[in-house]
Amino acid sequence: MAKAFFRLQKFLRRTQFLLFFLTAAYLMAGSLLLLQRTHLVIQQGSRGTSANQALLVPDRMAGAGIADPRTLHNPRPSPRLLVGMDAMQEPALDQWHSPQWLVSRNSELRQLRRRWFHRFINDQEPMQTAGFRAMKLTAEHKGTYVGCFSDDSRERTLKGAVFYDFRKMTVSHCQEACAERAYSYAGLAYGAECYCGNKLPAATSKPEECNSECKGEKGSVCGGVNRLSVYRVEELQAGARGRRNVIYRGCFRAPENLTDTFPASLIQPNLTVEMCSEFCSKKEFPLAVIRGRECHCGYPTGRFSLRDGADGLLCSRMHNTSSAAEGKYCLVYQTPVQDTRCTDRKFLTTKSKVLVALSSFPGAGNTWARHLIEHATGYYTGSYYFDGALYNKGFKGEKDHWRSRRTICVKTHESGKTEIEMFDSAILLIRNPYKSLMAEFNRKYAGHLGYATDRNWKSKEWPDFVNSYASWWASHVLDWLKYGKRLLIVHYEDLKQSLIPKLKEMVEFLNVTVTEDRLLCVENNRDGNFKRSGAKQKDFEPFTQEMKDLINRYILTVDKALRGRNFTGLPREYLPR
């Protein structure tokens with residue numbers, strides 16, 4: 001018995017040694033592979049490839065989120081957890097039946113390689129910085145590089161217009177955008193943010209502090225952390241002037257004292273719209289107000305809200321009078337300058353005690369509502385999903401976990417008892433199902449800003465889409481009415497028609513206090529960057545009679561449910577066609 005036990009012990013010792021030897025061999029092979037790749041990279045760098053291009057290996061984003069149900073065919077999908085990006089890059093790991101320690105070791109080796117590459121880059125940085133900087137500053141752009149400046153987010157000098165593109169920002173894109181809006185300077189920060197203005201920032205910084213590479217242009221500087229790379233864009237203005245939009249806002253009764261109401265004024269014989277608009281643009285004001293020979297510049301305010309328009313003939317008579325002071329009416333134009341009184345946004349400084357949903361059926365205007373809420377409150381909105389296109393356009397809350405409680409509310413298209421009861425309260429946004437179905441079909445085939453083609457509408461997928469999504473429109477509202485704890489019902493059509501009153505209701509529901517001027521700024525920027533452009537669908541009826549009968553039954557069901565809960569019923573335009 002003892003002899004057999006001794007043999008077993010001897011065998012186990014040999015097996016343990018064999019496992020140790022195999023592990024050591026595996027690690028040595030990984031190390032050799034790492035050295036071989038490093039040697040290859042160094043060789044490529046010595047042949048003239050920029051070290052930043054050859055060696056920069058971006059960290060993969062590792063995080064968990066929820067898959068957007070709109071990407072699935074099932075109209076009522078259950079949430080699915082997204083795995084980290086490493087797992088997405090190597091899906092085979094989930095399929096192999098390898099030992100757990102092997103999977104863990106592969107992950108460790110990937111992390112080891114990343115750390116080694118970053119250390120290698122840092123070691124090489126002193127040698128590369130001078131050449132890298134020179135390459136960036138000598139890159140050919142249409143404007144003139146002025147320098148690197150400090151950027152104070154609380155009091156920006158370049159605040160005439162603000163743009164974000166966290167994927168495709170380039171120096172030229174920023175310059176052209178600022179030039180089209182009549183600005184003299186374009187400033188870039190954080191590699192993805194663009195600011196416009198007519199005055200240079202006061203505080204200069206060291207050139208090396210502007211060290212963020214443009215997200216959409218390798219080898220070009222787009223500012224840094226609290227630093228702006230500033231370009232003069234006067235050379236672009238001559239060509240861009242013809243593309244600038246000066247929009248006629250209408251005829252309005254003039255305030256009693258125009259000089260007190262508007263910060264900047266000009267009196268000019270033979271005054272034209274172009275002269276007044278150019279003057280106000282240089283002063284960085286979004287409104288140009290003309291009364292006779294007087295040109296006034298400013299913002300919509302409580303004293304001049306642009307809500308009560310007058311007959312245009314009254315302004316025409318006033319314009320022809322010999323005395324401008326006698327005129328009681330004025331012409332108002334929107335200059336290319338952006339109203340920036342409501343563009344500053346941030347995450348909540350303290351975590352919210354309540355988790356508020358901004359719930360809607362897809363295609364009901366959730367993105368537009370988020371734009372309005374963010375600019376009205378000054379706080380980012382979150383999302384139950386992650387949409388890279390929205391994040392790249394400035395919705396920074398997209399990357400924040402939806403349960404972080406750092407955002408003012410959270411976008412969701414989910415329904416069902418479990419998903420709804422996770423929220424403490426909700427703004428339920430409802431839109432005409434006919435419009436919602438068409439909007440979501442457009443998004444599915446052409447993105448947030450495009451239109452589906454005639455071929456898409458006439459394909460078999462359109463009737464299949466209607467049959468599955470129409471029931472989802474109804475069940476989404478019914479579920480939130482049944483399981484929602486505290487609801488504010490907002491109809492998209494009412495929000496569009498009466499923006500300020502409805503937005504006030506939403507902001508009060510979110511327990512945020514805002515000024516009248518900020519709400520007027522939101523109204524002045526109501527469309528944001530998410531209004532569909534391009535060729536619209538031709539005038540044809542995409543809905544068959546069978547589709548209409550189906551949708552109309554759902555409309556009546558939802559209308560009855562709303563009234564049964566003492567909410568206002570659906571707008572009249574929803575009623576069966």
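I started at Ile-430, which touches Trp-473, Val-477, Ile-489, Val-490, His-491, Tyr-492, Glu-493, Leu-562, Leu-570 and Tyr-574, leaving aside residues up to four places away in sequence; contact means heavy atoms within 4.5 Å.

Housekeeping: this is a predicted model, where local features need pLDDT of at least 70, side-chain atom pairs count only at pLDDT 80 or more, and totals for chains, interfaces and linings use all residues. Numbering runs from 1 along each chain as its sequence is written, and side-chain values use heavy atoms, with hydrogens and water left out.

Next I checked strand 18 (residues 487-491) and found 5 of its 5 residues buried, so the rest of the structure largely encloses it. Buried is under 20% relative accessible area (1.4 Å probe, protein chains only); strands are DSSP E runs of at least two residues, helices H or I runs of at least four, numbered from the N terminus. Leu-487, Ile-489 and His-491 lie on one side, Leu-488 and Val-490 on the other.

I then looked at its partner: strand 17 (residues 425-430) pairs with strand 18 in the parallel sense over 5 bridges, pairing needing at least two DSSP bridges. Leu-428 sits opposite Ile-489.

Last, I looked up helix 10 (residues 366-377) against helix 17 (residues 499-509): the angle is about 75 degrees and the axes are 11 Å apart. Axes are lines fitted to C-alpha atoms over the stretch in contact, with angles from 0 to 180 degrees between N-to-C directions. The two helices are therefore roughly perpendicular, a label covering 65 to 115 degrees.

Key:
Buried < 20%, exposed > 50% of the residue type's maximum accessible area, 1.4 Å probe, protein only. Parallel < 35°, antiparallel > 145°, perpendicular 65-115°, else oblique.
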